[in-house]
Amino acid sequence: MTHALIVGEALIDIVESPEGTRELVGGSPANVAVGVARQGVPTRLLTRIGRDARGERIAAQVRSSGSELADASWTDAATSTAHARLRADGSAEYVFEIDGTLAEPDVADARLVHTGSIALFLEPGGSTALEALRRAAGTALVSVDPNIRPALVGPRESARERFRQAAAVADIVKLSDEDAEWLYPGVAPEDVLAEIAGLGPRLAVVTRGGEGAIGIGPGGIRRVAPLTVEVVDTIGAGDAYMASLIASALTDDELFSSPDAFERALRRAAVMAGITVSRAGANPPTRDEVDAAITAHA
């Protein structure tokens with residue numbers, strides 16, 4: 001069976017807020033895998049989780065979404081965690097306890113290979129993830145989301161070079177405005193997109209929170225507004241956006257050639273991210289929920 005292969009960290013978000021502390025399944029690649037699977041796309045996640053209660057909880061959520069969990073994901077080490085402290089606007093800052101080891105991904109049957117976030121930058125797994133993208137390029141679609149964690153990615157120049165190497169073999173690159181500012185300080189989003197597109201990707205998108213998103217693809221620059229919702233928190237919003245782009249790439253044959261299809265994918269991703277921020281934690285919607293919201297806001 002061909003599938004979307006998602007490579008990277010899965011962990012438990014320990015979320016601290018005025019209402020108390022709660023534990024939620026998280027990790028950017030794991031969130032993406034759940035989101036892609038909930039869009040009805042066959043999905044497999046290669047990650048690293050412990051044989052402990054937290055690891056079992058992650059595995060249960062991944063599988064309940066419809067995604068497979070690669071057998072090589074299991075380890076005897078403890079499951080990674082991220083302490084997330086919510087700011088007043090619902091955004092989060094993180095303190096991580098994570099191991100950068102990653103098993104060798106099997107990309108042979110994948111229709112798309114995705115990685116990013118900590119898994120792309122933290123060694124020794126970062127080199128493994130990058131090499132998986134290089135092996136997949138040309139036979140499968142490749143997508144990348146740097147999802148920069150400044151405390152973990154190392155010096156800016158080396159992190160930027162790692163990002164450039166990944167983007168050079170990618171078909172789709174998605175990054176947040178915070179990622180863009182960290183990687184390219186002081187550079188306007190349009191110029192960041194042009195820089196990234198020059199590396200080789202066919203589509204590149206910068207998400208901008210409440211200002212929507214801007215992308216470059218067929219037909220040039222496109223801007224889309226966000227879905228207007230009451231924000232509970234922003235955890236998993238970018239991952240939901242990425243998951244939607246991946247699903248569009250695998251279900252819409254015109255995405256890389258049609259300006260209308262590109263704009264349609266951006267709008268769909270905005271709806272998926274908007275639904276996600278309207279509820280607690282990284283809990284992306286199903287395809288039916290996204291379809292219903294698009295119809296309601298048509």
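This is a short tour of a predicted model, stop by stop.

**Stop 1: helix α7.** Select residues 189-197, which form α7. Colour V192, L193 and I196; these residues are buried. Now look down the helix axis. The buried residues of α7 fall within an arc of 100°, so they line one face of the helix. Next, show what covers them. The cover includes two helices, α5 (156-167) and α6 (177-183). It also includes the strands β12 (172-176), β13 (203-207), β14 (213-217) and β15 (220-224).

**Stop 2: the largest nonpolar core.** This core has 48 residues. Select Y241, L245 and I246, which touch the most other members.

Which residues does I246 contact, leaving aside its neighbours within four places in sequence? Show I6, V32, V36, L112, H114 and S143.

**Stop 3: a second core.** A separate core holds 38 residues. Pick out A129, V142, I148 and I214, which are among them.

**Stop 4: A282.** Go to the loop between α9 and α10, where A282 lies. Is A282 buried or exposed? A282 has a relative accessible area of 9%, under the 20% cut-off, so A282 counts as buried. Leaving aside neighbours within four places in sequence, A282 is in contact with V25, N31, Q61, I235 and G236. Finally, draw a distance from A282 to D171, 111 residues apart along the chain. Their C-alpha atoms are separated by 25 Å.

Terms used: Residues numbered from 1 in each chain as written. Predicted model: local features only at pLDDT ≥ 70, side-chain atom pairs only at ≥ 80, totals over all residues. Heavy atoms only, no water. Buried < 20%, exposed > 50% of the residue type's maximum accessible area, 1.4 Å probe, protein only. Helix = DSSP H or I, 4+ residues; strand = E, 2+ residues; numbered from the N terminus. Arc of directions from axis to C-beta. Contact = heavy atoms within 4.5 Å. Core = buried A, V, L, I, M, F, W, Y, C linked by side-chain atoms within 4.5 Å.
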